[in-house]
Amino acid sequence: MSPKISFKDVSRVFEVSGRPVFTALDRLSLDIDDGEFITVVGPSGCGKSTAMNIAAGLLPPSSGRVLVDGVEVRGPGPERGVIFQQYALFPWLTVRENVEFGLRLTGMPKAERRKVADHFIDLVNLGHFADSLPKMLSGGMKQRCAIARAYAVNPKILLMDEPFGALDALTRVQLQDQLLQTWSRDRRTVMFITHDVDEAVYLANRVVVMAARPGRLDRIIPVDLPYPRTEEIRLSPEFAALRNEVWRAVYHPRLQQSA
Ligand code: ADP
Ligand code: MG
């Protein structure tokens, strides 16, 4: 089976005025299978967002290419839903209107839009707030609204850039479990960036560890834990061992090389 997403020797160089050319991403090659859940970790500035923005079609690569279902990415597309850390809701639209907005772009008729939007609003437990404006919502609720909007379009691929980064620990754990539930049911392909090592291990089939200067793939750590992931798994010695391995890879790469 060919991969769902394929990074082929993808590099991105930024030219900063008055400063030397900067390599944000250096020849990233990575295959993500259909239905796979990949998390990406690495120190700040190692090119995680750059890689994801290229896959999203929001940023062109300097060289190399990203293939989705074998077709080169040349811009955004409805099969790729993107969720950023900052909520990116339209402040003048209600929760329901925000969720419906993406559906409008797909040309779905109004009555159906409403039904689909309400389904996903319920899914993220915002049913009581469908008519509220974003300013009435907490950070976690806004992020749930952004997630509902992305899910509603039913993208085959979810690209998530530190989506839970700004949330408190409890909300974060709830959204992780919710995300895993929908993923188990629908088997979307997910590329999920996080700086939280626990989160990376808890969610993933494989953890992609990146390194900085220049931003590049360092190693891939398979997570051989069963789904559904539960609190029991989160507290297991196997989980702890994986978390420690990822942590060392990110924060003490030299220690691990000499080990
Ligand atoms: P990460 O998401 O891993 O923290 P990024 O992909 O955002 O890293 O950035 C990688 C590097 O590229 C960083 O050093 C960042 O400063 C630089 N960079 C990102 N975007 C730009 C840009 N538009 N212009 C110049 N440099 C950039
Ligand atoms: Mg980033």
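Start with the helices: H2 passes H3 in a right-handed crossing, meaning that the near helix is turned clockwise from the far one by less than a right angle. Helices here are DSSP runs of H or I with at least four residues, strands are E runs of at least two, and both are numbered from the N terminus.

This is a predicted model, where local features need pLDDT of at least 70, side-chain atom pairs count only at pLDDT 80 or more, and totals for chains, interfaces and linings use all residues. Residues are numbered from 1 along each chain as its sequence is written, chains are lettered from A and ligands numbered from 1 in the order in which they are written, and side-chain values use heavy atoms, leaving out hydrogens and water.

H2 covers residues 95–105 and H3 residues 110–123; their axes are 9 Å apart, at an angle of about 125°. Axes are lines fitted to C-alpha atoms, for helices over the stretch in contact, and angles run from 0 to 180 degrees between N-to-C directions.

Now the sheet. Six strands form an open, mixed sheet in the order S6-S7-S8-S3-S9-S10; two strands pair if DSSP finds at least two bridges between them. S6 (80–83) and S10 (216–222) are the edge strands, each with a single partner, so one side of each has no neighbour in the sheet. Between neighbouring strands the average turn is 20°, direction ignored.

S6 pairs with S7 (residues 157–161) in the parallel sense over four bridges, and Ile83 stands opposite Met160 in S7.
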